[in-house]
Amino acid sequence: MCWVLVSDGGADVSLKKNDGATALLIASQEGYVDVCRLLVTEGGADVDQMASDGATPLSIASQYGYVDVCRLLVMEGGADFNHAKCDG
């Protein structure tokens, strides 16, 4: 379903919730590596987009220990691994 919405439906993957979270940040937080890959490679999601608290998909994935998601964000998405979250 995600593939249809992103690839064929032209879903806007940059939309944010009230807290600034994007689909990529939420998928990263949940460890959904295949959804993250789709959002990055097909949807063109911004891998360094910050939520209102300064969290990025990479900072969230690393916080939860999702190594495969971290690897994807850095290797395929070019995420900035030097970014620090506002709260440390």
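Arginine 71 forms a salt bridge with aspartate 68, their closest N and O atoms lying 3.1 Å apart; a salt bridge here is a side-chain nitrogen of Lys or Arg within 4 Å of a carboxyl oxygen of Asp or Glu. The model is predicted, so local features need pLDDT of at least 70 and side-chain atom pairs count only at pLDDT 80 or more, while totals for chains, interfaces and linings use all residues. Residues are numbered from 1 along each chain as its sequence is written, and side-chain values use heavy atoms, with hydrogens and water left out.

Arginine 71 and aspartate 68 both belong to helix α5, where three residues, about one turn of the helix, separate them. Helices (H or I, at least four residues) and strands (E, at least two) are DSSP runs, numbered from the N terminus. Arginine 71 is partly exposed, with a relative accessible area of 48%, and aspartate 68 is partly exposed at 49%. In these terms, buried means under 20% relative accessible area, exposed means over 50%, and partly exposed lies in between (1.4 Å probe, protein chains only).

In total, the structure holds three salt bridges. In one of them, the side chains of aspartate 34 and arginine 37 meet at 3.5 Å, N to O. These two residues are three apart in helix α3, which means that about one helical turn separates them. Aspartate 34 counts as exposed at 57% relative accessibility, whereas arginine 37 is partly exposed at 32%. Arginine 37 also forms a salt bridge with glutamate 76, the closest N and O atoms being 3.5 Å apart. Because glutamate 76 lies in the segment after α5 and arginine 37 in helix α3, this pair ties together parts that are 39 residues apart in sequence.

The account now turns to the interior. Helix α5 spans residues 67–75, and among its residues Val69, Cys70, Leu72 and Leu73 are buried. They lie on the same side of α5 because they cover an arc of only 165 degrees around the axis, the arc being that of the directions from the helix axis to the C-beta atoms. The buried residues of α5 pack against α2 (23–30), α3 (33–41) and α4 (57–64), where contact means heavy atoms within 4.5 Å.

A nonpolar core is a set of buried Ala, Val, Leu, Ile, Met, Phe, Trp, Tyr and Cys residues joined through side-chain atoms within 4.5 Å. The largest such core has 14 residues, of which Leu24, Cys36, Val47 and Leu73 touch the most other members. Helices α2, α3, α4 and α5 are the elements that give two or more residues to this core, and α5 gives the most, with four residues. A second, separate core of five residues includes Ala21, Leu25, Ala55 and Ile60.

The structure holds zero disulfides, a disulfide being a pair of cysteine sulfur atoms within 2.5 Å. For cysteine 36, the nearest cysteine sulfur is that of cysteine 70, 9.6 Å away. Cysteine 36 is buried, with a relative accessible area of 0%, and cysteine 70 is buried at 15%.

Finally, there is one aromatic pair. The rings of tyrosine 64 and tyrosine 66 have their centres 6.3 Å apart and their planes at 20 degrees, so the pair is stacked. Rings of Phe, Tyr and Trp (its six-membered ring) pair if their centres lie within 6.5 Å; planes under 30 degrees apart count as stacked, over 60 as edge-to-face and the rest as tilted.
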